[in-house]
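Work through these exercises with the sequence and the 3D view side by side. Try each task before reading its solution.

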Amino acid sequence: MATVLCVDDDRAGLATVARVLREVASVETARSAAEAETALAPEVAVVVSDYRMPGTNGAALLAAVRARDETIGRILLTAYADAEILMEAINRGNVHRYLAKPWDPRELRAAVRHAISAAETARERRRLADEIARAYERLRETDALKTRFLTVAAHELRTPLHVLGGVLEALADVAEVRREAADLLTVAQRNLEWLRRSVRAMTDLARLAQPERRPPARLCVATIVTRAVAEVESCCGLRRLALVREIDMPAIVRGDVADLHHAVMNLLLNAVRFTPDGGTIRVGVQRDPDRVRVVVADSGIGIAAAARDRIGEPFFTAAPADHHHSDPIAFGGGGIGLGLAVARAVAADHRGRLSFESEPGRGSTFVLELPAVADASP
């Protein structure tokens, strides 16, 4: 319900105005301009002020009310027929209406009802304008993310293809030298896997959103995590990252092996990218009767507070686009902004969730939580 604030230094006059207006709205009272400014809560829709008050006047008070919130209705009561003062207050927009004493209670109530209606309309207009402004800003951000995604995606796809082309071309020249050929093949395989992972991330979100899904199978998350850890061990070795395992076996859920493996790999590679050389990554699988949790904790740079609400959004990454690195495991290189989004989508598809805690400069901990299945269940 809207509130009317009545201001008058005269107790009897203030009580009379308040009594008349209680039929229209909730009423608050103040006996000075200072009290009135303190009482200006968000629900106040109209201020009805007497003109004569110690230290100031009603017109000046209503001017201050307008400066604070121009949607508030402003009505001035006066016993002084000073046309010049009243016209100045009205022309400046500080007063919507004035009533001369002795005023008619019906006229006062009608004026306040009209002012309340106008205030509510103006506030609704302002609310809608703010929503439109926020939506427009969001569209601008989305457009910027789209542009960034196209730039980074092209970089992600062109670079490994270029590397693979060069490596395979070189292999043709050194096919007779087995050791050198083996090293080049390792490089080719690593870049090929990087390319496959990037392309798969681009399609996974759309696939996971489809209502037609494969029937879930009974599987062991601990086995999936163990395999994923083995795949990132060489990356961690190149960056001198300690990889600590705390995996409880078995940890049974129902789901899709490929999707869960991809989600865990995304969490591990995210930790690799944002942990400085020589840091530590801890990988755990915890289980209780109801839940299985995959925990990936790192000693990396953490996540800035301003970015936390957007972590897991498609195409969003905290790493600046100009810091993007061609090496998929380079510190701080980032990716195309789909890894955590895919991990979150996989968690949701398995009736679970992805959560995280982070402190800038001290690392991040991501938890993929899934419904458990009893070991003896069929």
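A nonpolar core is a set of buried Ala, Val, Leu, Ile, Met, Phe, Trp, Tyr and Cys residues joined through side-chain atoms within 4.5 Å. Keep in mind that this model is predicted.

**Exercise 1. The largest core**

Task: Find which residues have the most contacts inside the largest nonpolar core, and state which element supplies its largest share.

Solution. 
- Step 1. The largest nonpolar core has 45 residues. Those with the most contacts inside it are V221, V225, L267, L268, I281 and L368.
- Step 2. Look at the elements. At least two core residues come from each of β8 (217–220), α7 (221–238), β10 (252–255), α8 (257–273), β11, β12, α9 (339–349) and β14 (363–371).
- Step 3. The largest share of this core comes from α8, with 9 residues.
- Step 4. Another core, of 24 residues, lies apart from it; A2, V4, V24 and I75 are among its members.

**Exercise 2. Helix α8**

Task: Check the span of α8 against its number of residues, then explain why α8 is largely enclosed.

Solution. 
- Step 1. The expected span is 1.5 Å times one less than the number of residues. For the 17 residues of α8 that gives 24 Å.
- Step 2. The end C-alpha atoms of α8 are 24 Å apart, which agrees.
- Step 3. Buried means under 20% relative accessible area. In α8, 15 of the 17 residues are buried, so the helix is largely enclosed by the rest of the structure.
- Step 4. Go to the start of α8. There, a side-chain oxygen of D256 comes to within 3.1 Å of the backbone nitrogen of A258.

**Exercise 3. The partners of β11**

Task: Decide whether β11 runs parallel or antiparallel to β9 and to β12.

Solution. 
- Step 1. β9 (residues 242–247) and β11 (residues 280–287) run parallel, joined by 6 bridges. R245 stands opposite V283 in β11.
- Step 2. β11 and β12 (residues 291–298) run antiparallel, joined by 7 bridges. R287 has V292 in β12 as its bridge partner.
- Step 3. Now take I281. Beyond its neighbours within four places in sequence, I281 is in contact with residues including L241, V244, V272 and V296.

**Exercise 4. A glycine in a loop**

Task: Is G300 buried or exposed, and which residues does G300 touch?

Solution. 
- Step 1. G300 sits in the loop between β12 and α9.
- Step 2. The relative accessible area of G300 is 3%, so G300 is buried.
- Step 3. Not counting residues up to four places away in sequence, G300 touches F274, T275, P276, G361, R362 and G363.
- Step 4. G300 and T280 are 20 residues apart along the chain, and their C-alpha atoms are separated by 8.0 Å.

Notes
Residues are numbered from 1 along each chain as its sequence is written. This is a predicted model: local features need pLDDT of at least 70, side-chain atom pairs count only at pLDDT 80 or more; totals for chains, interfaces and linings use all residues. Side-chain values use heavy atoms; hydrogens and water are left out. Two strands pair if DSSP finds at least two bridges between them. Helices (H or I, at least four residues) and strands (E, at least two) are DSSP runs, numbered from the N terminus. Buried means under 20% relative accessible area, exposed over 50%, partly exposed in between (1.4 Å probe, protein chains only). Contact means heavy atoms within 4.5 Å. A polar contact is a pair of N or O atoms within 3.5 Å; within protein, one must be able to donate a hydrogen and the other to accept it, and residues adjacent in sequence count only if both atoms are side-chain atoms.
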